[in-house]
Amino acid sequence: MSVGPQQFSSFQVFGQPQVDLPRFEAVSIKPSLFTPNQQVPIALMSGVIRGGCHGINTTTNSSVPLGRCRFQAVTLKYLMFWAYSLPVPVTQVDQIITGVPDWIGKDKFQIEAVAPNPAETTQEQLALMLQDVLRREFQLKFHYDSTEVPGFVLIKVKSGDKLKASDGGSETIPRISIAPGTTQITARRATARMLADFLASRLGKPVVDRTDLTGEYDFSFSATTTVDQVNPANAIEADPGPSIFTALTELGLRLQPEKVDRRLIVVEHAVKP
């Protein structure tokens, strides 16, 4: 698993513009080969293969051609996550997008879209074009609400800041990743916000960054956190690694349980294109 800026950058967070949006030159939308109740193969669940958009300022390697958006077996909720760069891990999209009809989180689509000037189109422009597709082709309408939910805040402990400022090195892409088959978590050029998002994806609860840390950091630690399969909101600490809560203290950080505000998107209307 890896968390990087491609998921949590701010194109237009929670925005539904009233002005005309830029448009793709060509768009193809088809029902996915996978039925709503059919399990999508693990290979398709990776961010690169499942899809995304590739602008001239894309910060990750992409199998999607420049100036295009390409998605396979994705729901409308996932498209909203990408188009509006929602500030949550993709695994928590169902927690912040609600409303009707229920197919918005079940039916899957294949989408291919090409910008008018692929060699000059930015990631932000592609996101706005995708918003236009959702508004015109899916006739998406929604409003906002908020709720208070159990979560965590990430804070610095009194012993001080133990994070090592990144020297950049050969790393060009900020990332936090877990080595396959291990409990080793490694970060390169990671921000505190990225760490909070990463922890939220592991714990199944929102994590708010209140560290006041503004730099980029390199760090690594070993920790095991699994999620209760009966109640995914409950985190379970398991062997063989130490608790992620314990491991964070070695970085001079602490996760503090607290009720946090969560902004919701309530879908009022959508149609299948």
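Reply: Contact means heavy atoms within 4.5 Å. This is a predicted model, in which local features need pLDDT of at least 70 and side-chain atom pairs count only at pLDDT 80 or more, while totals for chains, interfaces and linings use all residues. Residues are numbered from 1 along each chain as its sequence is written, and side-chain values use heavy atoms, with hydrogens and water left out.

Me: Leaving aside neighbours within four places in sequence, which residues is T75 in contact with?
Reply: T75 sits in the loop between β4 (68-74) and α4 (76-83); helices (H or I, at least four residues) and strands (E, at least two) are DSSP runs, numbered from the N terminus. Once neighbours within four places in sequence are set aside, the contacts of T75 are I104, G105, K106, D107 and K108.

Me: Is T75 buried or exposed?
Reply: Buried means under 20% relative accessible area, exposed over 50%, and partly exposed in between (1.4 Å probe, protein chains only). Because its relative accessible area is 14%, T75 is classed as buried.

Me: What is the phi of A73?
Reply: Most residues other than glycine have a negative phi. A73 belongs to strand β4 and is buried, with a relative accessible area of 7%. Its phi is positive although the residue is not glycine, with a value near 50 degrees.

Me: What is the relative accessible area of Q139?
Reply: Q139 occupies the loop between α6 (123-136) and β7 (141-156), and has a positive phi of about 50 degrees without being a glycine. Q139 is partly exposed because its relative accessible area is 39%.
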